[in-house]
2 protein chains.
Amino acid sequence: MDPIDRSLLRALQTDSSRSIAELADSVGASSSSCHRRIKSLEAAHIITGYSALLDPVRLGLKLHAFVEITLESQSRTAMERFEAAVAQFDDILECHLTSGNADYIVRIAARDLEHFDKIHRECLSLLPGVSSMRSSFAIRTIKRWKGYPTG
Amino acid sequence: MDPIDRSLLRALQTDSSRSIAELADSVGASSSSCHRRIKSLEAAHIITGYSALLDPVRLGLKLHAFVEITLESQSRTAMERFEAAVAQFDDILECHLTSGNADYIVRIAARDLEHFDKIHRECLSLLPGVSSMRSSFAIRTIKRWKGYPTG
DNA sequence: AGTGAAATGGACAAATA
DNA sequence: TATTTGTCCATTTCACT
């Protein structure tokens, strides 16, 4: 992991559809070296995959919510049951066990409030062992996710 | 946007490095139809780009934090100043204006607590007009982001 | 189905450390 | 010395028309 690898990762996070020649050019290396670097970053599982980025609004998903969830019990089995349920629901885009007041933070994308209500009823409220939930809605996105910093 | 487009978007979010022939196969369409569909999804800006996915742990980023930030004032200028500052800092990966108690929710990735402290001092504490901040650390990721649901 | 561009993989000498 | 790089090379795959 030298500076060229880092700038390569930055370039690939920004746009992975560019040709190796272009990438090589922008990071200041030869095509073959660039190709080799990408292959070894993949082999090292630093690059875990490639993905298309979608516009949520054009997909009809205008409502983003972060939901903080507290469990009634922090016992191992309660957490395992909760987490197994989370894995089932496709509407839960992301879930982290966190420090702080809430036990879990969950991310939801919905079409609108009505759809969020539906997700709330048919998914969030079915999660087992929940003591309390607090939802925050994203009114506006100030900064969108564009990959990890590479230093 | 028919069911084939939807399953194509799902496939492209999961793995955009597959060839068009493979994708066509998995969604049950011909290669040429699949190719045309991808081009029009790009032209419609439903697909906004392609990106490499990185493993944060192997990048040395073991600490994820969600920081809830409240401003002293919700005046237009206070918010604009805050948001302009957020845009400057590369360590802020994501930022949303939210409903609920906190005004903003911000996402941070750091190497460790020491690095987070550094980010806290050199970035978060420099944000203008902040009244209070509450940090939650991700202890464990239950479900990782894998793209938007496509229905 | 055909064309052209690009990814892939290999060999080897130069450079680097 | 050992590893990495750059410049060829040939082959194959694939995007695009």
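Me: Which residues of chain A does the UniProt annotation "domain: HTH asnC-type" cover?
Reply: This is a predicted model, where local features need pLDDT of at least 70, side-chain atom pairs count only at pLDDT 80 or more, and totals for chains, interfaces and linings use all residues. Residues are numbered from 1 along each chain as its sequence is written, chains are lettered from A and ligands numbered from 1 in the order written, and side-chain values use heavy atoms, leaving out hydrogens and water. UniProt positions follow the numbering used here, with feature names shortened, and annotations may be inferred rather than shown by experiment. According to the unreviewed UniProt entry, the stretch is residues 1-62.

Me: How far apart are the end C-alpha atoms of residues 1-62 of chain A?
Reply: Helices (H or I, at least four residues) and strands (E, at least two) are DSSP runs, numbered from the N terminus. This span is 53% helix and 13% strand, and its end C-alpha atoms are separated by 39 Å.

Me: Which residue in S5(B) stands opposite A:His96?
Reply: Strands pair if DSSP finds at least two bridges between them. Here S3 (residues 92-98) of chain A runs antiparallel to S5 (residues 130-143) of chain B, with 4 bridges. Across from A:His96 sits B:Thr141.
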